[in-house]
Amino acid sequence: MEAVMIRYGEIFLKSEPVKRRFISIMTGNISLALEAEGLLHRIETPRGRVLIFGNEPRRIAAIAAKTFGVVDVSVCTVTTADINGIAAAAVEHAEQHLRPGMSFAIRARRSGVEEFNSQELAAAVGSAVLDRIPEATVDLTAPDYEVFVEAREFGGLVYDEKTGGPGGLPYGTQGEVMALLSEGIDSPVASWLMMRRGCLMVHVHMQSGRFGGVDAERNVLQNHARLSRWVPGHPLDLLMVDMEPFFEVITALKEPRYRCILCKRFMLRVASILAAERGAYALVNGDNLGQVASQTLANMVVIAPAASVPVLRPLIGFDKEEVVERARAIGTFEAHPGSIGCTVAPRYPSTAAPAATIAQIEEELDVESLATQAAGTVRRHRAKNGEVEEVR
Ligand code: ATP
Ligand code: MG
């Protein structure tokens, strides 16, 4: 019989009750993901292990390996908890991958089994493998091939492959946050990082209307849909706000240099209203120190106070190349975004706007009322398993 074994990282360090709660959220998420693919399965959590049984262990493993909180997964042979049963399964694995001349190691663990210790288990399994493949050699330091064997109360587990997962914490173990999602590359990665850290997510996007590129909406919906694939079975909402009236107002100002600061502050203001309405704890954005004029330290200091909830910036210390790499890995990178440029951004944006000047402009424009109005224009799109639909 085969089973998929799930390994988790930091959850292991939690106290017993917290660990139990996190594991049950994680296995619930894995179940939702498997159900979304129509895969029948059964999850068991014998002490210290999460095992999934089902007819298609390889597909189950591939899906489980995309679940937040999972460090790695292995397709295991499940045996009886005695040396002979474990050794026979290990020999079967070795016969498929261990060629004459190659070196190997048996990595053994034991828990709740008293008849032998892990060294004895490793030695016995190792000699069974050597009996079958005498031209192989043992190398415990840098082997060409490893077989992992575990003897546990409930049985033996034997495997020789590990598929890495995303790590992090199970989705939903932390509170809700609201990520400012754009049509670009950075913000989807920022959202993903916070989801991976266990935050329930809701997206908000500010539409620039005639001031933005014609492909902006398509791209943001695509980002939203792609991110929803990371939390199968969970609905993921995107709130779309109409920012065109605000752009009408700031493009009429004589001084264009501060537009980006005003725009970013406005986005934080509107998002804070929407976050408060839902009880979301914090905002998330894709700010990256020094990347563009609105992300200089001096400007970030002027922009940040427009938010009335904390703003999390998971990409703050990334290099652009690292963000792009991550975007590719998580499937949000779009090589052909089409026309997404902002036409409001001035040619020479201020890199250090004076806070007092900004405050004065905002007062004259009555930005607070504009923000309240904008927050009233929300249209909602709900994504699930990569499909998006507008909801009322
Ligand atoms: P991105 O690739 O995420 O758009 P960027 O490098 O283009 O980032 P900016 O356009 O200055 O940087 O935006 C900084 C952050 O502000 C974005 O990462 C995103 O979180 C948020 N943001 C920008 N534009 C929008 C928008 N139209 N709606 C919602 N949030 C936005
Ligand atoms: Mg952008």
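Trainee: What covers the buried residues of α1?

Mentor: Parts from several places in the chain do, including β1 (2-8), β2 (42-44), β3 (50-53), α2 (57-64) and β4 (70-79). "Covering" here rests on contact, which means heavy atoms within 4.5 Å. The labels are DSSP runs numbered from the N terminus: helices are H or I with at least four residues, and strands are E with at least two.

Before we go on, this is a predicted model, where local features need pLDDT of at least 70 and side-chain atom pairs count only at pLDDT 80 or more, while totals for chains, interfaces and linings use all residues. Residues are numbered from 1 along each chain as its sequence is written, chains are lettered from A and ligands numbered from 1 in the order in which they are written, and side-chain values use heavy atoms, leaving out hydrogens and water.

Trainee: Which residues of α1 are buried?

Mentor: Let's start with the general idea. An α-helix has 3.6 residues a turn, so residues three or four places apart point the same way. "Buried" means under 20% relative accessible area, "exposed" means over 50%, and "partly exposed" is in between (1.4 Å probe, protein chains only). In α1, the buried ones are Lys 19, Phe 22, Ile 23, Met 26, Thr 27, Asn 29, Ile 30, Ser 31, Ala 33 and Leu 34.

Trainee: How far apart are the end C-alpha atoms of helix α1?

Mentor: They are 30 Å apart. The expected span of a helix is 1.5 Å times one less than its number of residues. Helix α1 has 21 residues (16-36), so it should span 30 Å, and the model agrees. After α1 comes Gly 38, with a positive phi near 70°.

Trainee: Where is Leu 169, and what does it touch?

Mentor: Leu 169 sits in the loop between β9 (163-164) and β10. It counts as buried because its relative accessible area is 4%. Leaving out residues up to four places away in sequence, Leu 169 touches Glu 10, Ile 11, Phe 22, Phe 68, Gly 69, Gln 174, Met 195, Arg 196, Arg 197 and Gly 198.

Trainee: What is the order of the strands in the open sheet of seven?

Mentor: The order is β14-β13-β10-β11-β12-β15-β16, with mixed pairing. β14 (311-312) and β16 (387-391) stand at the edges with a single partner strand each, so one side of each has no neighbour in the sheet.

Trainee: Which residues are closest to ligand 1?

Mentor: They are Leu 180, Ser 182, Asp 186, Ser 187 and Gln 291, out of 19 that surround ligand 1. A residue is counted if one of its heavy atoms lies within 4 Å. For polar contacts, look for N or O pairs within 3.5 Å; within protein, one atom must be able to donate a hydrogen and the other to accept it, and residues adjacent in sequence count only if both atoms are side-chain atoms. An oxygen atom of ligand 1 is 2.4 Å from a side-chain N or O atom of Gln 291. For the side chain of Gln 295, that distance to a ligand oxygen is 3.1 Å.

Trainee: Is His 224 buried or exposed?

Mentor: His 224 is buried, with a relative accessible area of 0%. This residue is found in helix α6 (residues 216-228).

Trainee: How many helices and strands does the chain have?

Mentor: There are 12 helices and 16 strands. Of the 392 residues, 50% count as buried.

Notes: Two strands pair if DSSP finds at least two bridges between them.
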